[in-house]
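Hi,

Here is the structure I promised to pass on. Have a look first, and my notes follow below.

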Amino acid sequence: MATKGAFICVRVEQKLKEEAEELFSSFGITVEDAINIFLNKVVMVGGLPFEVKIPKYNAETIEALKESEDIISGKIPDESLSVEDFVKKMNSK
């Protein structure tokens, strides 16, 4: 096995680092081990070992996302419903 001598320094959010460390620990590996696994896989497949794409949403989904952002920001009022009232409203359409 080759001696490891190269260093890679990466800045990540503290919370992300802690969550990754906890997950990798459950596998019995370190973040350094995980990075080495990732880099080996990149070399083996000749690129990223997962699909990278920008999701495309239909107009209805885009409108729903905008509406949820407007509710969260307070631009439109939150009309929370009970489950029963929600079902009634959906069935009346």
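**What I found**

Read from one end of the sequence to the other, the chain goes α-α-α-α. That makes four helices and zero strands, where helices (H or I, at least four residues) and strands (E, at least two) are DSSP runs numbered from the N terminus.

Before the details, some housekeeping: this is a predicted model, so local features need pLDDT of at least 70 and side-chain atom pairs count only at pLDDT 80 or more, while totals for chains, interfaces and linings use all residues. Residues are numbered from 1 along each chain as its sequence is written, and side-chain values use heavy atoms, with hydrogens and water left out.

**Overall shape**

The C-alpha trace spans about 70 × 30 × 25 Å along its principal axes. The chain has a radius of gyration of 23 Å, whereas a compact globule of 93 residues would have one near 12 Å (taken over C-alpha atoms; the globule rule is 2.2 Å times the number of residues to the power 0.38). Of the 93 residues, 3% count as buried, meaning under 20% relative accessible area with a 1.4 Å probe, protein chains only; exposed is over 50%, and partly exposed is in between.

**H2 and what follows**

Helix H2 covers residues 31–45, and its 15 residues should span 21 Å at 1.5 Å a residue; the end C-alpha atoms are 21 Å apart, which agrees. The expected span here is 1.5 Å times one less than the number of residues. Thr30 caps the N-terminal end of H2, with a side-chain oxygen 3.4 Å from the backbone nitrogen of Glu32 (a polar contact is a pair of N or O atoms within 3.5 Å; within protein, one must be able to donate a hydrogen and the other to accept it, and residues adjacent in sequence count only if both atoms are side-chain atoms). Just after the helix, Gly46 takes a positive phi of about 75°.

Pro49 sits in the loop between H2 and H3 and is partly exposed, at 31% relative accessible area. From Pro49 to Asn91 it is 42 residues in sequence and 45 Å in space, C-alpha to C-alpha.

**H3**

What caps the N-terminal end of H3? That is Asn58, whose side-chain oxygen lies 3.2 Å from the backbone nitrogen of Glu60. The 15 residues of H3 (residues 59–73) should also span 21 Å, and the end C-alpha atoms are 21 Å apart, in agreement. Just after H3, Gly74 has a positive phi of about 90°.

Cheers
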